[in-house]
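Reader: Could you walk me through this chain, a few questions at a time?

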Amino acid sequence: LGSLAMTQGELGELLGRDAAAQYFPRYQAMMSELTHLGGLELVDQIQKRHFDEVLVVPVREQPAAEQTATERKVARALPQTVPLYSVRLKRSTEPRGIRYEFFVYLNGRWRTGNLLGQLLPAEPAADAAPAAPAAP
């Protein structure tokens, strides 16, 4: 799982240099958890729940109603030219399983943002009134 980690430069390609500098320390901590305990937990879940199917889902091709709030935040934050994926591990006989968000194919390698999407700014409220025009 460690090979899926992004460098600060790669994160900068996706979010911009300033955002990468802001988020990279927390991202490194999250990836450390994923590559250690997260990997063991993943293997345990696959074995216990008898997962036999892996689905790679292009996030932007899903209807908005099927995207998670985190997927929508990440899709809004990344350049539209960067394909964004989520991965679901599941039993072939069941509709759901474990979902992993924020995968990109960057510079010839698969990378994950892991849970970084949870740190991105919240979505603007759909019913928010537009800002009043500035006084002349």
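This is a predicted model: local features need pLDDT of at least 70, side-chain atom pairs count only at pLDDT 80 or more; totals for chains, interfaces and linings use all residues.

Reader: Which residues form a nonpolar patch on the surface, and how much accessible area do they have together?

Author: The patch is made up of Val54, Val56, Tyr105 and Trp110. Together their accessible area is about 410 Å².

Reader: Is Val54 buried or exposed?

Author: Val54 sits in strand β1, which covers residues 53-58. The cut-off for exposed is over 50% relative accessible area. Because Val54 has a relative accessible area of 55%, Val54 counts as exposed.

Reader: And Asn114, is that one buried or exposed?

Author: Asn114 is found in the segment after β4 (109-112). Buried means under 20% relative accessible area. Asn114 has a value of 12%, so Asn114 is buried.

Reader: Which backbone oxygen does the side chain of Asn114 reach?

Author: Leaving out residues up to four places away in sequence, Asn114 touches Met31, Leu34, Glu101 and Phe102, as well as Met30. At 3.2 Å, the side chain of Asn114 reaches the backbone oxygen of Met30.

Reader: Stepping back, in what order do the elements of the chain run?

Author: The chain has 3 helices and 4 strands. Read from the N terminus on, the order is α-α-β-α-β-β-β.

Reader: What share of the accessible surface belongs to carbon and sulfur atoms?

Author: Of the 136 residues in the chain, 36% are buried. The accessible surface comes to about 8,500 Å², and the share of carbon and sulfur atoms is 57%.

Terms used:
Residues are numbered from 1 along each chain as its sequence is written. Side-chain values use heavy atoms; hydrogens and water are left out. Patches are made of residues with over 30% relative accessible area and no salt bridge: like charges are joined within 9 Å, nonpolar side chains (Val, Leu, Ile, Met, Phe, Trp, Tyr) within 5 Å. Accessible areas come from the Shrake-Rupley method with a 1.4 Å probe; for residues, only the protein chains shown count as cover. A salt bridge is a side-chain nitrogen of Lys or Arg within 4 Å of a carboxyl oxygen of Asp or Glu. Helices (H or I, at least four residues) and strands (E, at least two) are DSSP runs, numbered from the N terminus. Buried means under 20% relative accessible area, exposed over 50%, partly exposed in between (1.4 Å probe, protein chains only). A polar contact is a pair of N or O atoms within 3.5 Å; within protein, one must be able to donate a hydrogen and the other to accept it, and residues adjacent in sequence count only if both atoms are side-chain atoms. Contact means heavy atoms within 4.5 Å.
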